[in-house]
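Keep the sequence and the 3D view open while you read.

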Amino acid sequence: MSQDSAAVPDAARKLAARRRREIVAVLLFSGGPIFESSIPLSVFGIDRQDAGVPRYRLLVCAGEDVPLRTTGGLELSAPYGLEAIARAGTVVVPAWRSITQAPPPAALDALRRAHEEGARIVGLCTGAFVLAAAGLLDGRPATTHWMYAPTLAKRYPSVHVDPRELFVDDGDVLTSAGTAAGIDLCLHIVRTDHGADAANALARRLVVPQRRTAADLGHQRYLDRSLPEEIGADPLAEVVAWALEHLHEQFDVETLAARAYMSRRTFDRRFRSLTGSAPLQWLITQRVLQAQRLLETSDYSVDEVAGRCGFRSPVALRGHFRRQLGASPAAYRAAYRARRPQNGAPEPVLRPERVDRPERGERAALGVGGVDRFAAAAVAGHGQATALATADAGEIGRPQPDAFAARLPEASLSRGAGRPVLPGQRERPVG
């Protein structure tokens with residue numbers, strides 16, 4: 001969902017006369033992590049005109065009237081308060097101290113006022129929670145740190161949370177994923193304002209890639225868990241735990257609803273309100289994650305993997321796997337082994353298998369319209385394999401606006417060498 005300036009929505013507001021885009025206000029709060037806070041300070045607060053980078057004017061603003069203590073016990077002194085935001089055409093919230101706390105009302109009011117007057121509002125990492133609390137993300141696409149995406153989606157259901165993206169540019173409101181993705185978004189802002197040459201010059205000075213995209217992130221782009229932390233205290237936690245322990249079995253959502261002593265409709269509503277995800281698609285995702293884990297750690301054939309993950313056929317596995325991870329199971333395994341050589345010698349890289357069309361064969365295999373198909377899953381917290389994708393129960397595999405999903409980007413195949421490659425194969429999304 002990251003966009004170039006040409007794709008800015010028509011709804012972007014006209015900038016008030018007293019505001020200038022090159023004046024950047026950075027809003028700091030007590031308890032904020034120093035690394036994320038320093039990113040906009042470094043990008044917009046240092047004069048690098050000698051390197052061909054246009055100059056911005058930086059206003060560091062205290063978001064609350066308390067000592068600004070950051071991680072490690074450091075105490076900061078901001079030269080400006082919230083009143084300085086009235087002059088900025090770009091306002092950056094680099095982080096928020098806790099996703100469980102509500103931001104100060106005065107800061108939210110200042111952000112709303114700036115947005116109404118046409119300022120560009122930017123939330124880096126957990127700063128997205130501040131923007132959401134101000135109502136600036138309602139009905140918009142957004143991203144945040146992958147670990148907190150389920151909580152953001154649950155707490156603000158009108159926000160279209162997509163943790164697959166490094167950053168999301170929705171015109172006058174922009175958000176980024178975790179730490180290093182904040183650098184990517186700041187470079188994108190420079191690129192939007194002053195062109196690629198200026199952004200590339202800045203990237204060289206910062207010694208960072210000039211332009212990363214979601215396609216540059218490889219198979220470590222996962223969520224560590226498939227549910228928000230809050231579920232641990234909910235009665236549904238026992239049902240979820242049972243599902244995760246019986247993923248090799250074939251059972252449907254009605255089975256889970258019965259175990260929760262609820263009707264299917266009540267169970268669907270309760271599960272969605274708790275997790276931000278429809279139970280059917282959550283379970284499908286879990287099956288895909290278990291398949292991913294087996295492809296990484298075993299020599300089972302794709303057919304055997306499908307059976308051990310509760311899929312009714314290999315066709316069903318291939319269809320869901322392709323949609324969530326952007327590659328066929330065989331291509332994924334080959335690329336994974338190419339990255340992880342065994343016994344010091346690289347594994348042979350296999351050509352990807354043909355991906356069956358899931359729309360027809362998969363529906364027949366899963367019995368769409370009859371018993372629910374869903375999914376078994378990797379053990380919660382398995383760092384190698386976790387992802388989320390949500391969809392309404394009647395629309396399997398089609399992402400919904402209010403859902404969040406973490407998956408690998410579309411796999412690219414090097415046709416010249418005939419070798420499957422998962423794009424960018426490196427780092428997990430937080431940056």
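Helices α10 and α12 are roughly perpendicular to each other, because angles of 65 to 115 degrees count as such, while those under 35 are roughly parallel, those over 145 roughly antiparallel and the rest oblique. This is a predicted model: local features need pLDDT of at least 70, side-chain atom pairs count only at pLDDT 80 or more, and totals for chains, interfaces and linings use all residues. Residues are numbered from 1 along each chain as its sequence is written, and side-chain values use heavy atoms, with hydrogens and water left out.

**α10 and α12**

- Helix α10 covers residues 279–297 and helix α12 covers residues 314–325. Helices (H or I, at least four residues) and strands (E, at least two) are DSSP runs, numbered from the N terminus.
- The two pack at an angle of about 95°, with their axes 10 Å apart. Axes are lines fitted to C-alpha atoms, for helices over the stretch in contact, and angles run from 0 to 180 degrees between N-to-C directions.
- From α10, Gln281, Ile284, Thr285, Val288, Ala291, Gln292 and Leu295 meet Leu317, His320, Phe321, Gln324 and Leu325 of α12. Contact means heavy atoms within 4.5 Å.
- This contact of α10 with α12 has 7 nonpolar residues, 5 polar and no charged. Ala, Val, Leu, Ile, Met, Phe, Trp, Tyr, Cys and Pro count as nonpolar, Asp, Glu, Lys and Arg as charged, and the others, Gly among them, as polar.

**α5 and its partners**

- Helix α1 (residues 34–45) and helix α5 (residues 179–194) have axes that come within 9 Å and cross at roughly 20°. α1 and α5 are therefore roughly parallel to each other.
- In α1, Phe35, Glu36, Ile39, Pro40, Val43 and Phe44 meet Thr179, Gly182, Ile183, Cys186, Ile189 and Val190 of α5.
- Leu187, Val190, Arg191 and His194 of α5 touch Ala196, Ala198, Ala199, Leu202 and Ala203 of α6. By class, that contact has 7 nonpolar, 1 polar and 1 charged residues.

**Cavities**

- The whole structure holds 4 cavities of 30 Å³ or more. On a 1 Å grid over the protein atoms alone, a cavity is a set of points where a 1.4 Å probe fits but cannot get out, and lining residues have an atom within 4 Å of a point. Grid points are joined across faces, edges and corners, and a volume is the space filled by probe spheres set on the points.
- The largest cavity has a volume of about 80 Å³. Its lining includes Leu27, Leu28, Phe29, Arg69 and Pro94.
- β1 (20–28) and β3 (68–69) are the elements that give two or more residues to that lining.
- The second largest cavity holds about 40 Å³ of space. α5 gives the most to its lining, with 4 residues.
- Lining the second largest cavity are 2 nonpolar, 2 polar and 4 charged residues, among them Asp184, Arg191, Arg211 and Arg212.

Note on methods. On a 1 Å grid over the protein atoms alone, a cavity is a set of points where a 1.4 Å probe fits but cannot get out, and a pocket is an open set with protein on both sides within 12 Å along at least five of seven lines; lining residues have an atom within 4 Å of a point.
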